[in-house]
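Hi,

Here is the structure I said I'd pass along.

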Amino acid sequence: MNSPFSQEPLQVDTTTVQHAFAAQAATAIRLRQSTKAERIEKIKALKAALLTHQQEIIAAGFADFGKPATEVELTEILPVVAEANDAIRKLGRWMKPKKVWPSRMMVGTTGYTQYEPKGRVLIISPWNYPVNLTLGPLVSAIAAGNTAIIKTSEMTPHLSSVITQIIKQTFDPSEIVVFEGDASVAQALLELPFDHIFFTGSPTVGKIVMAAAAKNLTSVTLELGGKSPTIIDESADLAVAAQNTLWAKYTNNGQTCIAPDHIYVHNKVKDKFLEHCVATLEKTYGKNTLQIQSPDLARIVNDRHVSRVKHLLDDAVTRGAKVVTGGQIDETQRYISPTILDSIPQEADIMREEIFGPLLPIIGFDQLDNVIAKINADPKPLALYVWSKNNDNIRKVLQQTSSGGACVNHSVVQFLHGNLPFGGVNNSGIGSAHGYHGFLAFSHERAIVRNWLMLAKMFFPPYTELTRKLIALFIKTV
């Protein structure tokens, strides 16, 4: 399968980037007055273009990293359609000014927040879910009334090309434009004084984006990652936990920011859990995954990442880790089989680095407190998953740990819940996205006070003894 679009990278220089940014200035000011109807029409046009190019997206996903068609539809197309439909249904409610009660010092006034577009925004999207993580934030940016410049990843050229065609066919570049290309293009864009930057990627690059934004005092939303743990206690439904967790892990062959990175499983049920895992993988992907190379399993995105994941596996095994199942690698096909590891020493690289691939360490535990202490000793993860029927254990984990989001007896679906904020905390991200929270990310909440009775004149100079008595009264009563 091949994408019908050219994969030749656009030749982009600093001048081209600056001209595109300047061309959106007047549009951004005009869009401050855009109506709900106007914004909804644009979102509908974007959704229609996405669905028109559905087959091209499927072909491009396969060309870039062997994504199964069903997986492309489930993880790339469906979430954007859901995001668009949510905005279409609820935008009027989101845009409506929100009245607030006057505080005691504001008697005689009316206060409300009015949502205005931030202006010219930059969306830098990643390679692992290019359509979803480009067009999803774009829906929110349009809903909030912004212009946008998009930088797609050069690591998935076929999908980037389809995204570019969708935007070109749907929007004028004075409103929305896409730049492909390497890191130099992103660097040129980051020099510009955008009103907001929405970045999805690694914590390492997130720090670079944040530092660049600071030079222009640009606000940021950073959707990052980290080593998201799963905890399975002795009360969990092991069969369901295995099936669900492995689905979450091996979708996109582990190249998912919210995928379970590693699993803590109680030693009382560890062997039984591993049996369920092996049976689930054999049923899902076949027993001999090197020869079969299941069509339901995506490939690693490029040779560099194959080498990176292979190093994590080799290093762990060299240090004494046991391969429970998997471990097959065909570098010519960018194929690494679903692999489960046990008895991994703490000094192994896989215990420190975000895996972002199909390797799944299993770590036994006896005391939940020790697991919580380990999680708290590491940077705060983007996601945390706990499997248990013990409400005390569930409560303990949720109260004593911190993560961007969490699921109880489920995995990764927090991303799909349009009424919840999706985002990280500290090392795993700053700010939130999706639905109303995405609208807020691209909006400025403008505080407005309207006066009806000028009581403030009691405090105008010249100051008198009465003025001081009134202030003293307010200090006691406000």
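**What turned up**

The lining of the largest cavity splits into 11 nonpolar residues, 4 polar and no charged. Before you read on, keep in mind that this is a predicted model.

That cavity holds about 290 Å³ of space. It has 15 lining residues, and the ones closest to its centre are Thr75, Tyr129, Ile258, Val412 and Phe415. Helix H5 (69–95), H6 and helix H10 (238–250) are the elements that give two or more residues to this lining, with the largest share, 3 residues, coming from H5.

How many cavities of 30 Å³ or more does the structure hold? There are 4. The second largest cavity has about 50 Å³ of space. Its lining divides into 4 nonpolar, 4 polar and 3 charged residues; among them are Lys249, Asp261 and Glu354, along with Cys257 and Phe356.

Next, the open space. The largest pocket takes in about 1,200 Å³. Of its 45 lining residues, Gly201, Ser202, Pro203, Thr204 and Val205 are the closest to the centre. H9 gives the largest share, 5 residues. By class, the pocket lining has 20 nonpolar, 14 polar and 11 charged residues.

**One threonine**

Is Thr134 buried or exposed? Its relative accessibility is 0%, so Thr134 counts as buried. This residue is found in helix H6 (residues 132–143). Setting aside neighbours within four places in sequence, Thr134 is in contact with Ile123, Ser125, Ile150, Thr152 and Ile163. If you want a distance to check on screen, Thr134 and Thr70 are 19 Å apart in space, C-alpha to C-alpha, and 64 residues apart in sequence.

**Two helices**

Last, a helix pair. Helix H3 (residues 36–52) and helix H4 (residues 54–65) pack at an angle of about 60°, and their axes are 4 Å apart. The two helices are therefore oblique to each other. On the H3 side the contact is made by Leu50, Leu51 and Thr52, and on the H4 side by Gln54, Glu56 and Ile57. Those contact residues divide into 3 nonpolar, 2 polar and 1 charged.

Cheers

Definitions and conventions: Residues numbered from 1 in each chain as written. Predicted model: local features only at pLDDT ≥ 70, side-chain atom pairs only at ≥ 80, totals over all residues. Heavy atoms only, no water. Axes fitted to C-alpha atoms, helices over the stretch in contact; angles between N-to-C directions. Parallel < 35°, antiparallel > 145°, perpendicular 65-115°, else oblique. Contact = heavy atoms within 4.5 Å. Nonpolar A, V, L, I, M, F, W, Y, C, P; charged D, E, K, R; others polar. 1 Å grid on protein atoms, 1.4 Å probe; cavity = no way out; pocket = protein on both sides within 12 Å on 5 of 7 lines; lining within 4 Å. Points joined across faces, edges and corners; volume = space filled by probe spheres on them. Buried < 20%, exposed > 50% of the residue type's maximum accessible area, 1.4 Å probe, protein only.
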